[in-house]
Amino acid sequence: MADIGVDIGICSMQTHYTVQPVELARWAEAEGFDSVFFGEHSHLPAKRETRFLLEGAEMPDYFREISDPIVCMTAAAAVTERLKVGTSVCLVPERHPITLAKTVSCVDLVAQGRLVLGIGAGWNAEELRDHGVEHRDRWKVTRERVLAMRQIWDNDIAEFHGEFVNFDPLYCAPKPVQPGGPPVLIGAAATERIARHILEYCDGWLPMDGQNDLELGMANIRAEADRVGRPVTDLDFTVITGYQLAGVDGSARRIGELAGMGFNRILLLLAPSDTETQWAELRRFAELLRAAG
């Protein structure tokens, strides 16, 4: 595989039995990877009616064991110098916007501007409800919380008044190292509605290969960018591939296809498993990275 001109990183669904963030981050930076991203689920309700995202598939047990991505990012950033750290994704409706704004700022400070904030609105209705958010409101809540965080990141004295977020003038520091805050990427199928969200208050798209119609999503985002007059070149297009439950294997051929669609960063999914199995998979990732140039 010739040089395809994209950055390649790793997406880890971190648990207590996987390769831990410090060791993973040091190895990834030494091998030349662009980034390491970490997923999130705060918990898994014991009683659940919501169907799993993938039709006909059972929810993997590791969904009840995922480590906190903010802690993982901080650990990874603290032991590296060039590696970007990110969330894939941070479930915004499950976090208070003032606290999340400060936490993200602090991680960006530790990382010295290497943080990428992938966000989502969640899909598990029972999980969202445990956080006080109804499934039908999740994207409205996400929008207001991100806009409120941007007010905090951009202003010495911030204020926000909306339907779901409401606070009077306040101080909240430190500010992120990256002016205006880190890049915020939406992890969801880019329907026309989600494309509007991306162009209004975010900086790019972070879909899952095999789970989303990538070409349609790209078309919707480009159409919305044209409509609002925002250059598509300003956006970050990152994709996660290698999700075997979705029927994609993260092969060299698939990496080339994703680059051809316009993605500038490709994350190889490191599925939770024992460390021996994960190291074998990481060595395969390193071979793919070298082949990509």
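What radius of gyration does the chain have, and what would a compact globule with 293 residues have? I looked this up before anything else, keeping in mind that the model is predicted. A compact globule with 293 residues would have a radius of gyration near 19 Å, and the chain has 18 Å, so the two agree.

**Overall fold.** I took the extents of the C-alpha trace next; along the principal axes they are about 50 × 45 × 40 Å. I counted nine helices and 10 strands in the chain. For burial, I found that 55% of the 293 residues count as buried. I then checked the contacts between residues at least 6 apart in sequence, and 73% of these join residues at least 24 apart.

**Helix 6.** I looked at residues 192-201 for burial and found I194, A195, H197, I198, L199 and Y201 buried. I noted the spacing of such positions: an α-helix has 3.6 residues a turn, so residues three or four places apart point the same way.

**Largest pocket.** I read its volume as about 960 Å³. The lining has 44 residues, and those closest to the pocket centre are L53, W123, M208, Q211 and Y243. Helix 6 turns up again here: together with strand 3 (84-91), helix 5, strand 10 and helix 9, helix 6 is among the elements that each supply at least two lining residues. I sorted the lining by class and got 26 nonpolar, 14 polar and four charged residues.

**Largest cavity.** How many cavities of 30 Å³ or more are there? I find one. The largest cavity holds about 40 Å³ of space. I listed its lining as T241, G242, Q244, D249, G250, L268, L269, E281, R284 and F285. Two elements give two or more residues to this lining, strand 10 (265-270) and helix 9 (275-291). Helix 9 has the largest share, three residues. By class, I count three nonpolar, four polar and three charged residues in the cavity lining.

**Cross-check.** I compared the element lists for the two spaces. Strand 10 and helix 9 each supply at least two residues to the lining of the largest pocket, and both also give two or more to the lining of the largest cavity.

Conventions:
Residues numbered from 1 in each chain as written. Predicted model: local features only at pLDDT ≥ 70, side-chain atom pairs only at ≥ 80, totals over all residues. Heavy atoms only, no water. 1 Å grid on protein atoms, 1.4 Å probe; cavity = no way out; pocket = protein on both sides within 12 Å on 5 of 7 lines; lining within 4 Å. Points joined across faces, edges and corners; volume = space filled by probe spheres on them. Helix = DSSP H or I, 4+ residues; strand = E, 2+ residues; numbered from the N terminus. Nonpolar A, V, L, I, M, F, W, Y, C, P; charged D, E, K, R; others polar. Buried < 20%, exposed > 50% of the residue type's maximum accessible area, 1.4 Å probe, protein only. Rg over C-alpha atoms; globule rule 2.2 N^0.38 Å. Contact = heavy atoms within 4.5 Å.
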